[in-house]
Amino acid sequence: MTKKQSKLEANNLDAYYGDFQALKNINIAMEEKAVTAFIGPSGCGKSTFLRTLNRMNDYIDGFRIQGQILLDGRDIYATDVRVDELRKEVGMVFQKPNPFPKTIYENVVYGLKIQGIKDKKILQEACEKSLQQAALWNEVKDKLDKSALALSGGQQQRLCIARALAIQPSVILMDEPASALDPISTAKIEELIHELKKNYTIVIVTHNMQQAGRVSDHTAFFYMGELVEYAKTKTMFTSPSDTRTQNYITGRFG
Amino acid sequence: MTKKQSKLEANNLDAYYGDFQALKNINIAMEEKAVTAFIGPSGCGKSTFLRTLNRMNDYIDGFRIQGQILLDGRDIYATDVRVDELRKEVGMVFQKPNPFPKTIYENVVYGLKIQGIKDKKILQEACEKSLQQAALWNEVKDKLDKSALALSGGQQQRLCIARALAIQPSVILMDEPASALDPISTAKIEELIHELKKNYTIVIVTHNMQQAGRVSDHTAFFYMGELVEYAKTKTMFTSPSDTRTQNYITGRFG
Amino acid sequence: SCGGNTEEGGSDMSGSISIDGSSTVYPVTEAVAEEYRAEAPDVKVTVGVSGTGGGMKKFSRGEIDIVNASRSINDSEAQTAKENGISYVQLSVAYDGLTVVVHPSNDWVKDITVAELKKMWEPEAQGTITRWNQIRPEWPDKEIHLYGAGVESGTYDYFTEAIVGKSHSSRGDYTASEDDNVLVQGVSTDPLALGFFGYAYYEENKGKLKAIPVDNGAGPVLPSLETVKDGSYAPLSRALFLYVSSKAVARPEVVDFINFYLENAGELAQEVGYIALPDNVYNEQKQKFEQFATGAATANQ
Amino acid sequence: MRVQEKIIEGLLWLSAAITILVTASIIWVLLSESIQFFSEVSIVRFLTEKEWTPLFADKKFGIMPLVAGTFLTTAIAIAVALPIGLTIAIYLNEYAHARFKTIIKPLLEVLATIPTVVYGFFALTVVTPFLQSFIPGLAGFNALSAGIVMGVMIIPMISSLSEDAISAVPRSLREAAYGMGSTRLQTAFGVMVPAASSGILVSVILAISRAVGETMIVAIAAGQQPRLTLNPLVPIETITTYIVQVSMGDVPHGSLEYRTIFAAGMTLFVFTFLLNNLSFWIKKKYQEKYD
Amino acid sequence: MTNSEKNRLKDKAFQVFGIFCTFIGLVVLAIFLIDIVIEGVGRIDWDFMTSLPSRRAARAGILTAWAGTLWILVLSALIAFPLGIAAGIYLEEYAKKTKLSDFLEINIANLAGVPSIIYGLLGLELFVRFMHLGPVLLVGALTLSLLILPIVIVTTREAIKAVPRTIRDGSFALGASKWQTVWNQVLPASFGGILTGVILALSRAVGEAAPLIVIGALAYVPFVPKSPMDEFTVLPIQIFNWTSRPQAAFLTNAAAAIIVLLLITFLLNGIAVYLRHRQQKKIKW
Ligand SMILES: Nc1ncnc2c1ncn2[C@@H]1O[C@H](COP(=O)(O)OP(=O)(O)OP(=O)(O)O)[C@@H](O)[C@H]1O
Ligand SMILES: Nc1ncnc2c1ncn2[C@@H]1O[C@H](COP(=O)(O)OP(=O)(O)OP(=O)(O)O)[C@@H](O)[C@H]1O
Ligand SMILES: [Mg+2]
Ligand SMILES: [Mg+2]
Ligand SMILES: O=P([O-])([O-])[O-]
């Protein structure tokens with residue numbers, strides 16, 4: 001794998017919470033404009049790894065990494081990298097929908113506003129565009145000034161995706177984005193992911209094997225802080241090479 | 001079934017938490033010196049029913065029942081029944097071991113002390129006897145004055161059983177007594193139940209079908225507040241008469 | 001915020017005057033200040049109650065303009081004032097009879113001699129004289145609870161001087177307060193109490209207190225307008241003073257205030273329960289002040 | 001941008017650091033004046049003499065009478081507040097309906113929001129005359145009514161904090177006790193109170209600390225006479241009242257009299273500091289007992 | 001009587017005692033309020049509110065006292081509010097778990113327990129003597145601000161703590177800096193809680209008399225302060241002064257002034273309770 005093909009890459013990555021090593025020598029390269037899924041039992045380090053990709057763990061006391069993470073070939077932990085710039089490039093969506101307790105409009109344009117953009121027109125256009133991309137525009141266009149907390153869980157999650165899209169990242173990280181949602185909302189989100197991967201590189205953590213199977217191009221199986229297996233999703237689900245992977249995807253544990 | 005044979009009996013029992021009906025028209029008669037198991041999916045009302053048998057729900061705001069519960073043929077909700085006397089007759093063991101933060105000895109004799117028994121000799125004898133019945137004596141006899149919290153989970157649970165035995169009840173209610181324990185401790189508790197049923201009437205709630213199969217003589221299957229099926233354990237597990245029972249014990253839901 | 005009740009007329013003086021010191025004189029000065037408000041609404045007069053000693057210390061450091069005093073300035077205070085370049089004038093404003101009081105239910109004390117007062121108040125009494133019958137054997141064997149002026153009070157100095165024989169020297173184990181109201185409260189609610197304070201405070205609370213005639217050898221005498229005025233209430237009759245600082249008289253509002261004070265002191269002193277000086281004495285005080293003011297004015301130039 | 005962030009963080013840090021400055025200033029102010037005080041008056045005299053007459057001819061510098069006065073009013077206050085407060089906490093927890101509790105708790109807390117001068121007024125004008133109607137020897141200023149009123153004031157401190165502590169005891173323990181046939185009373189005193197003892201202790205210590213430092217009630221109603229006595233019926237003086245008394249007289253800066261209030265303040269500070277730290281330590285140590 | 005009957009009897013007895021204790025607090029409170037209202041309410045009228053102090057009880061008013069109280073309220077808010085909130089933000093959002101932050105925490109807990117009169121000594125020495133400001137409004141407000149600072153900090157921290165982690169994560173993930181996150185998300189979301197705490201703290205400040213007496217605030221101030229450098233009095237001091245006068249008419253005045261003071265305190269507390277209630281209703285994370 002050359003750097004050109006891969007959007008995101010981890011080289012010999014170790015991660016620690018204080019003395020506890022949460023990730024052990026991770027090596028992985030994720031393809032541009034594709035969906036990569038992370039699976040594995042609870043506590044195996046999926047979220048930890050995902051959050052190192054946009055340095056969300058920076059504020060956790062005692063967290064540190066060794067090794068490299070490259071975005072478009074540049075080490076995102078290099079001293080000259082600005083975290084805020086990085087996060088504009090690498091957006092994130094969380095497990096529980098976390099809209100800000102503000103209006104829908106304010107939620108979507110938040111990322112732009114904090115960049116200092118004040119022009120009403122630009123903001124409104126960006127808002128509409130992002131909501132459309134997130135397949136939410138039709139549902140909320142008449143109540144942009146209503147509180148985002150009044151939306152349903154599924155709508156809130158799509159709003160969070162719209163919010164992430166508004167700042168035009170190239171990568172979107174999603175940590176179990178549908179696990180708190182009902183089946184119908186889940187389906188909508190999966191559909192949306194399918195749509196988004198045309199323009200974005202997507203990394204998604206899921207504990208739902210079926211979901212990984214449905215939405216992802218590649219799947220990485222983590223186990224106790226290690227990356228056990230990384231392959232095309234189809235390959236992984238039909239002929240896993242490691243017995244731990246096999247046990248996991250056949251439901252023997254996890 | 002006549003009243004003579006059955007130790008505990010519920011007739012047309014409804015139970016409500018405020019407006020919510022948690023038990024619907026339960027009719028059941030439990031045999032003396034036998035083990036009756038309650039099974040059913042989470043939230044079906046097993047614990048609620050178990051706790052009405054020694055009026056543990058009395059202090060819950062808004063809880064009320066309709067119908068009758070008879071212990072040895074006497075309505076335990078009759079106005080002249082004293083709750084504390086009833087609870088001495090009907091002991092209880094909980095899901096999570098809940099020893100008092102006192103010494104082992106103090107835990108076991110607590111029930112006697114609150115009855116006003118002060119004679120050291122009586123207390124000590126009762127303590128030894130109960131701990132022996134609970135198969136814990138050998139493990140703790142040298143550290144009766146140590147804190148009960150220092151025991152392992154399994155030991156704590158047996159201590160709770162010893163504590164219940166010390167007041168010489170005739171019935172012991174157990175709400176998932178082994179669900180918080182490791183396999184070895186669980187085995188010990190099951191063995192103990194087997195031993196105890198020689199002298200006590202035991203009612204046990206469990207979500208573990210195998211356990212119900214191993215320890216109980218009769219099994220009652222609850223579903224959404226209803227008693228769906230009640231039969232000899234063997235019969236129930238081999239040829240359930242209701243499809244919901246069948247679905248449940250074959251693992252289709254729950 | 002809103003302004004006070006500005007009445008039309010009066011003077012157009014403005015500025016502020018700070019007064020502090022004696023709690024005994026306080027009622028008079030308070031009354032004058034209040035009446036003066038109608039005269040010159042824009043002059044802010046503040047009156048503190050720190051006791052004569054407390055006031056004198058501030059006065060001699062130049063922190064306040066006028067000090068209320070229930071005794072004359074003492075040497076060390078005069079010295080400090082001098083060091084700070086402050087000269088002053090002493091103006092008499094009223095007479096007071098220091099009154100010895102007990103609880104109204106007290107039926108055993110009919111009168112008291114100066115010697116007995118000394119016996120209970122002198123420093124040697126501290127911790128030893130604690131019961132009524134130690135003072136006069138026929139009095140009951142009950143605890144005695146003493147209430148008196150605090151050490152910053154002119155009243156304290158005057159009382160110790162007159163009774164104990166040495167200024168600023170007394171026992172310390174009694175309820176001492178610079179605020180005579182507290183003493184009134186204490187004595188009027190404590191059947192075993194004995195206390196002393198300025199006549200005005202007794203006059204104002206007659207119903208709750210019982211004044212005791214003091215026997216200075218010539219038989220027991222109760223304080224009253226007459227006995228104080230004619231000096232037969234001895235040794236506890238005294239004059240009350242104001243001291244005005246030379247720095248302050250440079251300000252017209254201070255001069256105006258003092259003149260107003262001396263004009264109205266007689267009437268107001270009587271109103272609050274003290275004994276007015278004869279009219280000619282007030283006139284003398286006015287002249288005295290005028291001389292001082294002009295003197296200070298030339299000195300200031 | 002980054003500079004701005006740093007500046008803001010610096011400003012925020014400064015604000016937090018001011019609290020240390022405040023503590024340091026308090027200690028500095030108290031120490032610098034008390035050290036001068038103790039250079040004139042030996043600390044042995046301060047601690048052992050039985051009289052406090054620093055303003056008088058026969059100067060005695062024994063802090064004991066003031067400490068005794070403080071102790072007396074505090075003890076009376078706690079004697080009132082502890083049984084009532086604890087009983088309320090237990091009653092609300094074991095007996096009362098949840099709805100009743102949510103109404104009563106804030107109502108009781110109103111008691112703690114009333115300014116203390118108001119309590120002083122109440123002690124002097126209502127409680128003392130009331131007590132005098134059946135305690136003939138009671139002086140107008142006395143430790144008893146000040147202490148009682150102070151006790152009323154701190155009831156909610158004890159009841160609320162203790163109730164919180166008892167509520168934090170896991171349900172399973174209460175159920176275990178009931179399951180053995182305990183009455184509610186037996187459950188409360190046999191299981192809940194012992195299990196919540198550290199929290200209850202913290203509430204009591206904080207209440208003591210509050211009572212020790214209380215000023216206006218005692219200044220208005222307890223008297224101004226330092227007296228080494230445990231008799232609650234006569235005027236006494238607390239440390240706080242002494243400070244108020246001298247402040248009212250405006251004793252000039254730099255005199256020994258002036259320094260006495262700092263020596264007294266230092267004593268008060270040491271007491272409350274020890275109590276507060278003790279409660280903080282107990283809280284930290286036993287907080288995580290049940291997660 | 002069997003043991004178990006005895007136990008039941010004790011149980012019942014305690015229940016009765018519990019009700020008794022719960023209500024005795026409230027009954028005392030009621031007696032107390034009623035007594036004060038009966039004594040003082042007749043005295044409250046427009047004149048009482050707008051008159052200057054006077055030697056005659058019937059003519060005396062509380063204009064200067066409540067004006068001073070209002071001044072103190074506003075000034076203390078202006079000083080303690082930004083300081084306390086900033087410190088709270090620092091401790092909750094920025095401070096790493098270090099020895100220093102532990103120390104800060106213990107220190108603040110300690111400050112909260114320092115008796116108010118000690119703050120008076122601090123104000124006396126620091127502001128009145130050392131800085132030569134005199135017993136003016138500003139000094140009173142500074143002293144009381146320091147007194148309520150720990151309360152403001154603690155409640156700010158609690159309010160901030162109640163803002164879920166996920167909101168901060170959401171903001172960070174969109175490229176917001178720490179301060180942007182605090183300013184745009186954390187503070188608005190916790191503002192109600194912070195305000196509640198600040199108002200409660202202010203209601204404490206409004207009722208304080210002891211520290212102000214120690215710094216030398218006067219009882220007789222016959223003018224309404226016009227600037228922070230003016231001398232002042234406040235309601236609690238006026239009440240203290242009147243309470244210590246033996247004449248019944250002044251006690252009536254004191255009771256009337258108490259009613260006004262209590263109204264102010266209860267009003268502040270009421271606002272705080274209302275805000276807290278609304279906050280709890282509005283935001284369900
Ligand atoms: N802030 C933290 N401090 C210390 N340890 C942590 C922290 N966050 C996570 N861990 C530990 O790191 C390990 C990996 O956690 P991580 O959250 O990455 O797991 P996960 O695979 O996402 O699990 P899940 O499926 O439950 O979300 C776990 O053992 C966890 O306990
Ligand atoms: N205190 C309560 N107040 C209101 N509803 C309650 C209360 N306790 C239980 N319930 C409701 O009553 C129903 C029966 O609860 P119960 O605890 O008896 O179920 P269960 O069969 O024991 O479940 P589990 O296996 O999870 O213990 C549930 O729907 C539950 O939500
Ligand atoms: Mg995770
Ligand atoms: Mg259950
Ligand atoms: O008049 P004095 O307050 O100084 O006693």
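How do the residues of the shell around ligand 2 divide into nonpolar, polar and charged?

A: In this predicted model, the residues of the shell around ligand 2 divide into six nonpolar, five polar and two charged. Of the 13 residues around ligand 2, those that come nearest are Ser42(B), Gly43(B), Lys46(B), Ser47(B) and Thr48(B). Two elements of chain B, β2 (20-31) and α1 (46-52), each contribute at least two residues to this shell. The largest share, three residues, is supplied by α1(B).

In the side chain of Ser47(B), an N or O atom lies 2.6 Å from an oxygen atom of ligand 2. On the backbone, an N or O atom of Gly45(B) is 3.0 Å from an oxygen atom of the ligand, and a polar atom of Cys44(B) is 3.2 Å from an oxygen atom of ligand 2. Ligand 2 taken alone exposes 630 Å², of which the protein buries 60%.

The surroundings of ligand 1 may be set beside this description. There, 13 residues form the surroundings, and the closest are Ser42(A), Gly43(A), Lys46(A), Ser47(A) and Thr48(A). By class, the shell around ligand 1 holds six nonpolar, five polar and two charged residues, and α1(A) gives the largest share, three residues. A backbone N or O atom of Gly43(A) lies 2.7 Å from an oxygen atom of ligand 1, while an N or O atom in the side chain of Tyr17(A) is 3.3 Å from a nitrogen atom of ligand 1. Of the 630 Å² that ligand 1 exposes when taken alone, the protein buries 61%.

Conventions:
Residues are numbered from 1 along each chain as its sequence is written. Chains are lettered from A and ligands numbered from 1 in the order in which they are written. This is a predicted model: local features need pLDDT of at least 70, side-chain atom pairs count only at pLDDT 80 or more; totals for chains, interfaces and linings use all residues. Side-chain values use heavy atoms; hydrogens and water are left out. A residue is near a molecule or strand if one of its heavy atoms lies within 4 Å of it. A polar contact is a pair of N or O atoms within 3.5 Å; within protein, one must be able to donate a hydrogen and the other to accept it, and residues adjacent in sequence count only if both atoms are side-chain atoms. Accessible areas come from the Shrake-Rupley method with a 1.4 Å probe; for residues, only the protein chains shown count as cover. Helices (H or I, at least four residues) and strands (E, at least two) are DSSP runs, numbered from the N terminus. Ala, Val, Leu, Ile, Met, Phe, Trp, Tyr, Cys and Pro count as nonpolar, Asp, Glu, Lys and Arg as charged, and the others, Gly among them, as polar.
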